[in-house]
Amino acid sequence: MISFGYDYHWAQQGSHFDHEKHVQRCHVCKSGKLCYQIQQERNISENYTFAMYLCYLVYAPLYISGPIISFNAFASQLEVPQNNYLRRDVLWYGLRWIFSLLLMELMTHIFYYNAFAISGMWKLLSPLDVFIVGYGVLNFMWLKFFLIWRYFRLWSLICGIEAPENMPRCVNNCHNLETFWKNWHASFNKWLVRYMYIPLGGSQKKLYNIWAIFTFVAVWHDLEWKLLSWAWLTCLFFIPEMVVKSAADSFQAESAFGGFLVRELRAFAGSITITCLMIANLVGYVIGPSGVNWLMSQFLTREGLPVLGGMFLTFYVGTKLMFQISDAKQRKQ
């Protein structure tokens, strides 16, 4: 309903979207396909009807759990069905979903991360085990939502409507919070940027916007203290990342040593981010706010501190390797 209201209001105000400039910059549009941005900015003034509004609200493939699509993007594809995915592409998409479902079945029979989290058995585990369970739950949640969202997106593609892809990048390939949220519930992220982030001031007021947006996201999930705690913890972890990222963008490495130093700092910051993500998700989805004192008491001990350091070092090495692979790909291109 918010999407329809905003898109209708902006249509009455007149669009300021520069179509030609966008096509020159967008690699999707250059390939001859239509990107999601173009679909959102199409002139569909004749489609703002009550019948179209109801059709958008109760469109079966995307009604239960998304992915989330804006009204403009939905209505424009009713007139001209998507052609980015051919029949063989949709078939391959469905086969990949079946393979992912089999992988989930295998994981739930071999790895018991989620069972530990739901049953409360994590309270009997060592600090190392709790950390491993937290990391496992994060991966379990990624694959679970991957299956849910891609099933309904597949249904939508078969009907001729292309919704934004959720989970375009694996959770283990996200080295900062901003990248993580852009690639987790990616369609919701696009919705939040269009209908909340930009109207609230965009990047100029980013430090304040994240509190309103993540509180909204928590309430959107459910009205629970543990979800609000998760949202506000994520905001707290976002602040130092924004400060470091701003400083890094203004720094230009002019020597080999400078480049080495930047990579090391990026890997160090990435390992902190992954650790913070795990803590936030442990609070939000495993131990709850009441378990924070227990978590701190376990890790701030002679047994817990080496575990914390070891996990941090593991993330540091993994993040550094990820950056090296990414830099090598960029040089190759």
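Reader: Which residues does Gln-39 touch, not counting residues up to four places away in sequence?

Author: In this predicted model, Gln-39 is found in helix H4, which spans residues 36–40. Its relative accessibility is 4%, and buried means under 20%, so Gln-39 counts as buried. Leaving out residues up to four places away in sequence, Gln-39 touches Leu-34, Asn-72, Ala-73, Ser-76, Gln-77 and Glu-162.

Reader: Is Gln-77 buried or exposed?

Author: Gln-77 lies in helix H7. Not counting residues up to four places away in sequence, Gln-77 touches Gln-39, Ile-69, Gln-82, Gly-160, Ile-161 and Glu-162. With a relative accessibility of 2%, Gln-77 counts as buried.

Reader: How many residues apart in sequence are Gln-77 and Glu-162?

Author: Glu-162 is among the residues that Gln-77 touches. From C-alpha to C-alpha the two are 7.9 Å apart in space. In sequence, Gln-77 and Glu-162 are 85 residues apart.

Reader: Which residues of H7 are buried?

Author: Helix H7 covers residues 71–79 and is mostly covered, with seven of its nine residues buried. The cover over these buried residues includes helix H1 (2–13), H4, helix H5 (50–57) and helix H12 (186–197). The buried residues are Phe-71, Asn-72, Ala-73, Phe-74, Ala-75, Ser-76 and Gln-77.

Reader: How many aromatic pairs are there, and why is the pair of Phe-4 and Phe-71 edge-to-face?

Author: The count comes to 32 aromatic pairs. In the pair of Phe-4 and Phe-71, the ring centres are 4.8 Å apart. Planes over 60 degrees apart count as edge-to-face. The planes of Phe-4 and Phe-71 stand at 85°, so this pair is edge-to-face.

Reader: Which helices hold Phe-4 and Phe-71?

Author: Phe-4 is buried, with a relative accessible area of 15%. Phe-71 is also buried, with a relative accessible area of 0%. The pair links distant parts of the chain, 67 residues apart, with Phe-4 in helix H1 and Phe-71 in helix H7.

Reader: What angle do the ring planes of Phe-214 and Trp-230 make?

Author: Phe-214 lies in helix H13 (residues 206–221) and Trp-230 in helix H14 (residues 225–250), 16 residues apart. Phe-214 and Trp-230 are buried. Their ring centres are 6.5 Å apart, and the pair is edge-to-face because the planes are at 75°.

Reader: Which residues do ring pairs link into a cluster?

Author: Phe-4 and Phe-71, already described as an edge-to-face pair, both belong to this cluster. Ring pairs link Phe-4, Tyr-8, Tyr-48, Phe-50, Tyr-53, Tyr-56, Tyr-59, Phe-71 and Phe-74.

Reader: The charged end of Lys-144 sits over which ring?

Author: The charged end of Lys-144 is 4.6 Å from the centre of the ring in question. That ring belongs to Phe-145.

Reader: With which residues is Ser-156 in contact, leaving aside its neighbours within four places in sequence?

Author: Ser-156 is found in helix H10, residues 127–158. Its relative accessible area is 0%, so Ser-156 is buried. Ser-156 and Gly-66 are 90 residues apart in sequence but 9.7 Å apart in space, C-alpha to C-alpha. Neighbours within four places aside, Ser-156 is in contact with Tyr-59, Pro-61, Leu-62 and Ile-161.

Reader: What is the phi of Met-167?

Author: Met-167 lies in the loop between H10 and helix H11 (177–183). It counts as buried because its relative accessibility is 2%. Met-167 is not a glycine, yet its phi is positive, at about 55°.

Reader: Which residues make the nonpolar surface patch of about 560 Å²?

Author: One of its residues, Leu-95, lies in helix H8, residues 87–110. Leu-95 has a relative accessible area of 44%, so it is partly exposed. The patch is made by Leu-91, Trp-92, Leu-95, Ile-98 and Leu-102.

Reader: How many helices and strands does the protein chain have?

Author: Of the 333 residues in the protein chain, 43% are buried. Among contacts with a separation of 6 or more, 70% come from residues 24 or more positions apart. The chain exposes about 19300 Å², with carbon and sulfur atoms supplying 64% of it. The protein chain has 17 helices and zero strands.

Definitions and conventions
Residues are numbered from 1 along each chain as its sequence is written. This is a predicted model: local features need pLDDT of at least 70, side-chain atom pairs count only at pLDDT 80 or more; totals for chains, interfaces and linings use all residues. Side-chain values use heavy atoms; hydrogens and water are left out. Patches are made of residues with over 30% relative accessible area and no salt bridge: like charges are joined within 9 Å, nonpolar side chains (Val, Leu, Ile, Met, Phe, Trp, Tyr) within 5 Å. Accessible areas come from the Shrake-Rupley method with a 1.4 Å probe; for residues, only the protein chains shown count as cover. A salt bridge is a side-chain nitrogen of Lys or Arg within 4 Å of a carboxyl oxygen of Asp or Glu. Helices (H or I, at least four residues) and strands (E, at least two) are DSSP runs, numbered from the N terminus. Buried means under 20% relative accessible area, exposed over 50%, partly exposed in between (1.4 Å probe, protein chains only). Contact means heavy atoms within 4.5 Å. Rings of Phe, Tyr and Trp (its six-membered ring) pair if their centres lie within 6.5 Å; planes under 30 degrees apart count as stacked, over 60 as edge-to-face and the rest as tilted. A charge sits over a ring if NZ of Lys or CZ of Arg is within 6 Å of the ring centre and within 35 degrees of the ring normal.
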